[in-house]
Amino acid sequence: MASTASAALLLSYPLGNDLKMAELVSRGLPAATLRSLARALGLQPAGIAPLVNITGKTISRRLDAKGRLKPDESERVARAMRVFVRAAEVLESEDKARSWLAQPLEVLGGRTPMALMASEQGAREVEQALGRLEDGVFA
């Protein structure tokens with residue numbers, strides 16, 4: 001079961017403010033953000049490795065060091081946070097968001113939103129699908 005506290009931590013980031021997020025990302029997000037993201041998604045930290053394109057071993061090292069992620073790592077983590085928070089808003093539930101993100105969707109070529117979130121272009125497709133869902137274009 002995912003922790004609502006983890007999702008709340010993700011919400012503490014200014015995900016809707018690109019300028020502020022760019023500043024945070026350039027400094028590097030705290031490595032603990034990996035754990036919060038994983039918990040919010042209902043995964044173990046190593047389980048988000050493909051989503052954020054960071055190896056499981058590197059995730060473990062970053063968490064053990066209790067430091068900051070590199071800017072490129074931070075950017076990928078911030079992208080996954082942004083999509084998860086958007087899904088939870090549209091679907092009005094963190095549990096529904098986790099389920100939706102894990103289901104293959106025809107509108108996404110049979111791929112799961114979670115798999116597509118690994119790239120910026122894929123994340124944009126997922127966000128567009130959420131926008132259509134919010135507008136009632138498809139269920």
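Student: Which residues line the largest pocket?

Tutor: The lining consists of Leu 15, Asp 18, Met 21, Ala 22, Val 25, Glu 75, Ala 78, Arg 79, Arg 82 and Glu 120. This is a predicted model, in which local features need pLDDT of at least 70 and side-chain atom pairs count only at pLDDT 80 or more, while totals for chains, interfaces and linings use all residues. Residues are numbered from 1 along each chain as its sequence is written, and side-chain values use heavy atoms, with hydrogens and water left out.

Student: What makes a space a pocket, and what makes a residue part of its lining?

Tutor: On a 1 Å grid over the protein atoms alone, a pocket is an open set of points with protein on both sides within 12 Å along at least five of seven lines, whereas in a cavity a 1.4 Å probe fits but cannot get out; a lining residue has an atom within 4 Å of a point. The largest pocket holds about 200 Å³ of space, a volume filled by probe spheres set on the points, which are joined across faces, edges and corners. Helix 2 and helix 6 are the elements that give two or more residues to the lining; helices here are DSSP runs of H or I, at least four residues long, numbered from the N terminus.

Student: How many residues of each class are in that lining?

Tutor: There are 5 nonpolar, no polar and 5 charged residues. Ala, Val, Leu, Ile, Met, Phe, Trp, Tyr, Cys and Pro count as nonpolar, Asp, Glu, Lys and Arg as charged, and the others, Gly among them, as polar.

Student: Why does Ser 74 count as buried?

Tutor: Its relative accessibility is 0%, so Ser 74 counts as buried (under 20% relative accessible area is buried, over 50% exposed, and in between partly exposed, with a 1.4 Å probe and protein chains only). Ser 74 lies in helix 6. Leaving out residues up to four places away in sequence, Ser 74 touches Val 25, Gly 28, Leu 29 and Leu 69, where contact means heavy atoms within 4.5 Å.

Student: Is Gly 28 buried or exposed?

Tutor: At 2% relative accessibility, Gly 28 counts as buried. Gly 28 sits in the loop between helix 2 and helix 3, and takes a positive phi of about 95° just after helix 2. Beyond four places in sequence, Gly 28 is in contact with Arg 68, Leu 69 and Ser 74.

Student: Which non-glycine residues have a positive phi?

Tutor: Lys 66 has one of about 55°, and Glu 92 has one of about 60°. Most residues other than glycine have a negative phi. Lys 66 lies in the loop between helix 5 and helix 6, and Glu 92 in the loop between helix 6 and helix 7. Lys 66 is exposed because its relative accessible area is 74%; Glu 92, at 73%, is therefore exposed too.

Student: What makes the pair Tyr 13 and Thr 33 a polar contact?

Tutor: Their side chains are joined at 3.0 Å. A polar contact is a pair of N or O atoms within 3.5 Å; within protein, one must be able to donate a hydrogen and the other to accept it, and residues adjacent in sequence count only if both atoms are side-chain atoms. Tyr 13 lies in the loop between helix 1 (4-11) and helix 2, and is buried because its relative accessible area is 15%. Tyr 13 also touches residues including Met 21, Leu 24 and Met 81.

Student: What caps the N-terminal end of helix 2?

Tutor: Asn 17 does, with a side-chain oxygen 3.2 Å from the backbone nitrogen of Leu 19.

Student: How many residues does the largest nonpolar core have?

Tutor: This core has 43 residues, and Leu 34, Ile 48, Val 52, Val 77, Trp 100, Leu 101 and Val 126 have the most contacts inside it. A nonpolar core is a set of buried Ala, Val, Leu, Ile, Met, Phe, Trp, Tyr and Cys residues joined through side-chain atoms within 4.5 Å. Helix 6 gives the largest share, 11 residues. Val 77 touches Leu 29, Thr 33, Leu 34, Leu 37, Val 52, Ile 54 and Leu 69, with residues up to four places away in sequence not counted.

Student: Why does Arg 98 count as buried?

Tutor: Its relative accessibility is 13%, so Arg 98 counts as buried. Arg 98 is in helix 7, and a polar atom of its side chain lies 2.5 Å from the backbone oxygen of Ala 40.
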